[in-house]
Amino acid sequence: MNDVIKLLQSHRSIRKFTDQEVPHGLLLELIKAGQAAATSSHVQAYTVINVKNAANREKIAELAGGQGYVARSAVFLVFCADMKRPTEASKRTGANVERGMTEQLLVATVDTALMAQNVAIAAESEGLGICYIGGIRNNPQAISELLQLPDHVYPVFGMCLGYPAHEPEVKPRLPVEAILKEDTYCEDTDHVDAFDSTMKAYYQSRSTGNKVSDWSHNLTPLFDSKLRPHMRDFLVKRGFEMK
């Protein structure tokens, strides 16, 4: 394996950070690396908010479910799917712009995710740690108001950035045979069963947060009730009508 593949396969979520600041010049380079990601039709349907205000950081940490590292990380970024900029640019050319299409929501969300993952990889290559914060979708309206996001823009997730103050183990992933199929989709519960055993051993042996569980049982809270049912109405109100 080359160094890039080794870096990718060594990813861990970092939730404890030192007090060392991230140089502003480095942050700009990380964002530029993010912009180099693939983007549908060169739309670049994203905006990144660097939240520096301490009070706002504390509020977001609370709104995201009490995730204190949002306030304590050296940098906290909110990655937003942004269809305002490209649709307004198109409208200025005289185009009859049709907003609120489901495809626009998909394009903006995928563009944002690809851009953010490039930022994450670039950050880790510079010795930084990162942690995605999907919890900002717990209260997306309040966060949108806090960040003064306009219509046709919504917060997809946050990202903590900083120099790691701990060394958590790499969390196992499903065996590649469960993910990579040839020609057609096929069911294979044997790989899932084996992975449950792997995750059970991992949870019981990791250095922090030991628990008795496995992959399948960890999924239960996500699927035995409606997860963030407010998101559809929120997106419609933001101008993503999903037509």
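The numbered points below treat the annotated domain, the sheet, the aromatic pairs, the charges over rings and some individual residues.

1. Basis and annotation. The structure is a predicted model. An unreviewed UniProt entry lists residues 9-163 under "domain: Nitroreductase". Over residues 9-163 the chain is 43% helix and 18% strand.

2. Four strands form an open sheet with antiparallel pairing, in the order β1-β2-β4-β3. The edges are taken by β1 (46-50) and β3. Each of these two has a single partner strand, so one side of each is left without a neighbour in the sheet. With direction ignored, neighbouring strands of the sheet are turned by 25° against each other on average.

3. Pairing of β1 and β2. Strands of a sheet pair through backbone hydrogen bonds, either parallel or antiparallel. Here β1 and strand β2 (residues 75-82) pair in the antiparallel sense, over five bridges. As one example, Asn 50 has Leu 77 of β2 as its bridge partner.

4. A helix on the sheet. Helix α5 (residues 84-92) packs on this sheet and touches β1, β2 and β4. The direction of α5 makes about 40° with that of β2.

5. Five aromatic pairs are found in a search of the whole structure. One of them joins Tyr 132 and Phe 157 edge-to-face, with 5.1 Å centre to centre and 90° between the planes. Tyr 132 belongs to strand β3 (residues 129-133) and Phe 157 to strand β4 (residues 153-162), and the pair links distant parts of the chain, 25 residues apart.

6. Charges over rings. The charged end of Lys 211 sits over the ring of Tyr 203, 4.5 Å from its centre. Lys 181 lies over the face of Tyr 185, at 5.8 Å from the ring centre.

7. Gln 35. This residue is found in helix α2 (residues 24-35). Gln 35 counts as partly exposed, at 42% relative accessibility. Which residues does Gln 35 touch, not counting those up to four places away in sequence? They are Tyr 46 and Met 115. The C-alpha atoms of Gln 35 and Ala 116 are separated by 8.8 Å, although these residues are 81 residues apart along the chain.

8. Gln 104. Helix α6 (residues 102-125) holds Gln 104. Gln 104 counts as buried because its relative accessibility is 17%. Leaving aside neighbours within four places in sequence, Gln 104 is in contact with Met 83, Glu 98 and Arg 99.

9. Positive phi values. Most residues other than glycine have a negative phi. Ser 41 is not a glycine, yet has a positive phi of about 55°. Ser 41 lies in the loop between α2 and β1 and is exposed, with a relative accessible area of 68%. His 152, likewise a residue other than glycine, has a positive phi near 70°. His 152 is placed in the loop between α7 (140-146) and β4, and it counts as buried at 17% relative accessibility.

Key. Residues numbered from 1 in each chain as written. Predicted model: local features only at pLDDT ≥ 70, side-chain atom pairs only at ≥ 80, totals over all residues. Heavy atoms only, no water. UniProt positions renumbered as here; feature names shortened; annotations may be inferred. Phe/Tyr/Trp six-rings, centres within 6.5 Å; stacked < 30°, edge-to-face > 60°. Lys NZ or Arg CZ within 6 Å of the ring centre and 35° of its normal. Pairing = 2+ DSSP bridges. Axes fitted to C-alpha atoms, helices over the stretch in contact; angles between N-to-C directions. Contact = heavy atoms within 4.5 Å. Buried < 20%, exposed > 50% of the residue type's maximum accessible area, 1.4 Å probe, protein only.
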